[in-house]
Each structure stands twice: as structure tokens, then as C-alpha cells.
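Subject: Structure handover

Hello,

Here is the structure for your files. Please open it alongside this note.

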Amino acid sequence: MAKTSHINIRIDPETKSQAEILFGKFGMTVSEAVNVFLHQSIMYGGIPFELRVPNGETMEALDDVINHRNLEGPFGTVEDLMEALNN
């Protein structure tokens with residue numbers, strides 16, 4: 001059996017619960033998901049995804065979504081959106 005080391009992290013209970021649900025859909029534990037992240041970071045030579053601070057416009061949009069505000073858009077249906085994209 002391979003030797004293992006322990007890493008202890010502190011995380012809020014809601015984040016942990018949501019992570020357990022998400023990773024469970026992949027048949028993984030949070031520990032296994034962290035292991036994948038660490039291996040990917042090593043192979044990539046850094047964080048394996050872009051880290052950046054959202055600009056003000058993005059932050060406002062995220063706040064609107066979280067608080068269910070200003071969600072109406074210029075397209076009434078998905079078909080209207082697809083038509084505009086295809087033109």
C-alpha cells in the first residue's frame with residue numbers, strides 16, 4: 001500500500017457540502033478531487049486554470065443573478081437568441 005500524507009484545510013460547511021454533492025456526481029470524494037487538482041497543478045506547473053479578479057461590470061452582473069435582479073434579456077426565447085446568433 002502506498003504511503004499517504006494528510007492535509008487539513010478549513011472550509012465553510014456549505015462549500016464542503018456543495019463540493020461533496022458535485023464530486024459525488026463524478027463518483028469522487030472531496031479528497032480524491034483535491035488529489036486530482038494537485039496532480040494537475042504539478043503537471044501544468046501552476047494553477048491549472050486562469051485566476052483573475054472580475055471587473056466591476058462582471059461583479060454587478062453576478063450580484064444581479066445572485067439577487068434575482070435584471071434577469072430579462074433582449075431575447076424572448078432561445079429560438080430568438082439562436083436566430084440572432086446565426087445572422
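Below is what was found in it, starting with the overall build.

This is a predicted model, in which local features need pLDDT of at least 70, side-chain atom pairs count only at pLDDT 80 or more, and totals for chains, interfaces and linings use all residues. Residues are numbered from 1 along each chain as its sequence is written, and side-chain values use heavy atoms, with hydrogens and water left out.

Overall build

The chain has 4 helices and 0 strands. Its elements run α-α-α-α from the N terminus. The radius of gyration is 20 Å, well over the 12 Å that the globule rule gives for 87 residues, so the chain is more spread out than a compact globule. (That radius is taken over C-alpha atoms; the rule is 2.2 Å times the number of residues to the power 0.38.) Along the principal axes, the C-alpha atoms fill a box of roughly 60 × 30 × 30 Å. Helices here are DSSP runs of H or I, at least four residues, and strands are runs of E, at least two, numbered from the N terminus.

Of the 87 residues, 5% count as buried. Buried means under 20% relative accessible area, exposed over 50%, and partly exposed in between (1.4 Å probe, protein chains only). The accessible surface is about 8400 Å², with 59% of it belonging to carbon and sulfur atoms. Areas come from the Shrake-Rupley method with a 1.4 Å probe; for residues, only the protein chains shown count as cover.

Helix 2 has 15 residues and reaches 21 Å from its first C-alpha to its last. That is close to the 21 Å expected at 1.5 Å a residue (1.5 Å times one less than the number of residues). Gly-45 follows helix 2 and has a positive phi, near 85°.

Which residues form the aromatic pair? The structure holds 1 such pair. Phe-37 and Phe-49 make it, tilted, at 6.1 Å centre to centre and 40° between the planes. The pair links distant parts of the chain: Phe-37 is in helix 2, Phe-49 in the loop between helix 2 and helix 3, 12 residues apart. (Rings of Phe, Tyr and Trp, its six-membered ring, pair if their centres lie within 6.5 Å; planes under 30 degrees apart are stacked, over 60 edge-to-face, the rest tilted.) Phe-37 is partly exposed at 32%. Phe-49 is partly exposed at 48%.

Salt bridges

How many salt bridges does a search of the whole structure find? There are 4, each a side-chain nitrogen of Lys or Arg within 4 Å of a carboxyl oxygen of Asp or Glu.

Glu-50 bridges to Arg-52, with the closest N and O atoms 3.6 Å apart. Glu-50 is exposed at 61%, and Arg-52 is exposed at 69%.

Asp-63, Asp-64 and Arg-69 are linked in a network. Arg-69 meets Asp-63 at 2.3 Å, N to O, and Asp-64 at 3.2 Å. Asp-64 counts as buried because its relative accessibility is 17%. Arg-69 is partly exposed at 35%.

Regards
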